[in-house]
Amino acid sequence: MIRVLDEQQSYELLTTTTIGRVGFVHEGRVQILPVNFVVSGHDLLLRTAPDGLLGELTREPADVSFEVDYHDPLGSTAWSVLMHGSLSRVPEEKVPGARARVNPWADSERDLPLTFRVEKITGRSVRRDQTHGKT
């Protein structure tokens, strides 16, 4: 059974995990990069390497998509939240606070904080009938 989630339910699910994917077009190709994040109000905070692809992309605010998924095969449930918005560098005066809130799991060289401003958010949850496929 697929259920459409409202905005509040979608935001609540985002607080239960820290890994998502940023999608954008770079040099004519779609790029999708895994990142870790934290929810900050109705925005997301993340950190990246200043000389990496996201650092380059955010020299000016960039339109991107951001997706977060969860799958529990034992509980036969899953959910997905898809957001569209702009990704930009955190203003200089807010950098220390933003850096302290996000701990990159990839490595410690990711010290450029970014903010993803959510402009549109949609979500879906799926629950599979436990008896489906059993005889």
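**Figure 1. Asp43 and its salt bridge with Arg117.** Asp43 is buried, with a relative accessible area of 15% (buried means under 20% relative accessible area, exposed over 50%, and partly exposed in between, with a 1.4 Å probe and protein chains only). The model shown is predicted: local features require pLDDT of at least 70, and side-chain atom pairs count only at pLDDT 80 or more, whereas totals for chains, interfaces and linings use all residues. Residues are numbered from 1 along each chain as its sequence is written, and side-chain values use heavy atoms, with hydrogens and water left out. Asp43 forms a salt bridge with Arg117, the closest N and O atoms being 3.3 Å apart (a salt bridge is a side-chain nitrogen of Lys or Arg within 4 Å of a carboxyl oxygen of Asp or Glu). Asp43 belongs to strand β5 (residues 43-48) and Arg117 to strand β8 (residues 112-127), so this pair ties together parts that are 74 residues apart in sequence. Helices (H or I, at least four residues) and strands (E, at least two) are DSSP runs, numbered from the N terminus. Arg117 is partly exposed, with a relative accessible area of 46%.

**Figure 2. The salt-bridge network of Arg21, Glu67 and Asp69.** Side chains of opposite charge can pair when their charged atoms come close. A search of the whole structure finds three salt bridges. In one of them, the side chains of Arg21 and Glu67 meet at 3.3 Å, N to O. That pair links distant parts of the chain, with Arg21 in strand β2 (residues 19-26) and Glu67 in strand β6 (residues 62-72), 46 residues apart. Arg21 also forms a salt bridge with Asp69, where the closest N and O atoms are 2.3 Å apart. Since Arg21 lies in strand β2 and Asp69 in strand β6, the pair ties together parts that are 48 residues apart in sequence.

**Figure 3. Aromatic pairs, with Tyr70 and Trp79 in view.** Three aromatic pairs are found in a search of the whole structure. Tyr70 and Trp79 form a stacked pair, at 6.2 Å centre to centre and with 25° between the planes. Rings of Phe, Tyr and Trp (its six-membered ring) pair if their centres lie within 6.5 Å; planes under 30 degrees apart count as stacked, over 60 as edge-to-face and the rest as tilted. Tyr70 is partly exposed at 41% relative accessibility, whereas Trp79 is buried at 10%. Elsewhere, ring pairs link Phe37, Phe66 and Phe116 into a cluster.

**Figure 4. The largest nonpolar core and the surroundings of Phe66.** A nonpolar core is a set of buried Ala, Val, Leu, Ile, Met, Phe, Trp, Tyr and Cys residues joined through side-chain atoms within 4.5 Å. Of the 25 residues in the largest core, Leu14, Leu54, Phe66 and Met83 touch the most other members. At least two residues of this core are supplied by each of α1 (7-14), β2, β5, α2 (53-57), β6, β7 and β8. The largest contribution comes from β8, with five residues. Leaving aside neighbours within four places in sequence, the contacts of Phe66 (heavy atoms within 4.5 Å) include Arg21, Phe37, Leu44, Met83 and Phe116. A second, separate core of five residues includes Leu45, Val90, Ala98 and Val102.

**Figure 5. Ser88 in strand β7 and Val126 in strand β8.** Ser88 lies in strand β7 (residues 77-89) and is buried, with a relative accessible area of 16%. Apart from neighbours within four places in sequence, Ser88 is in contact with Thr58, Pro61, Leu114 and Thr115. Val126 is partly exposed at 35% relative accessibility. Not counting residues up to four places away in sequence, Val126 touches Met1, Ile2, Ser76, Thr77 and Ala78. The C-alpha atoms of Val126 and Thr17 are separated by 17 Å, and these residues are 109 apart along the chain.

**Figure 6. A nonpolar surface patch of Val25, Val30 and Ile32.** Together, Val25, Val30 and Ile32 have about 320 Å² of accessible area. Accessible areas come from the Shrake-Rupley method with a 1.4 Å probe; for residues, only the protein chains shown count as cover. Patches are made of residues with over 30% relative accessible area and no salt bridge, like charges being joined within 9 Å and nonpolar side chains (Val, Leu, Ile, Met, Phe, Trp, Tyr) within 5 Å. Val25 is located in strand β2 and is exposed, with a relative accessible area of 58%.
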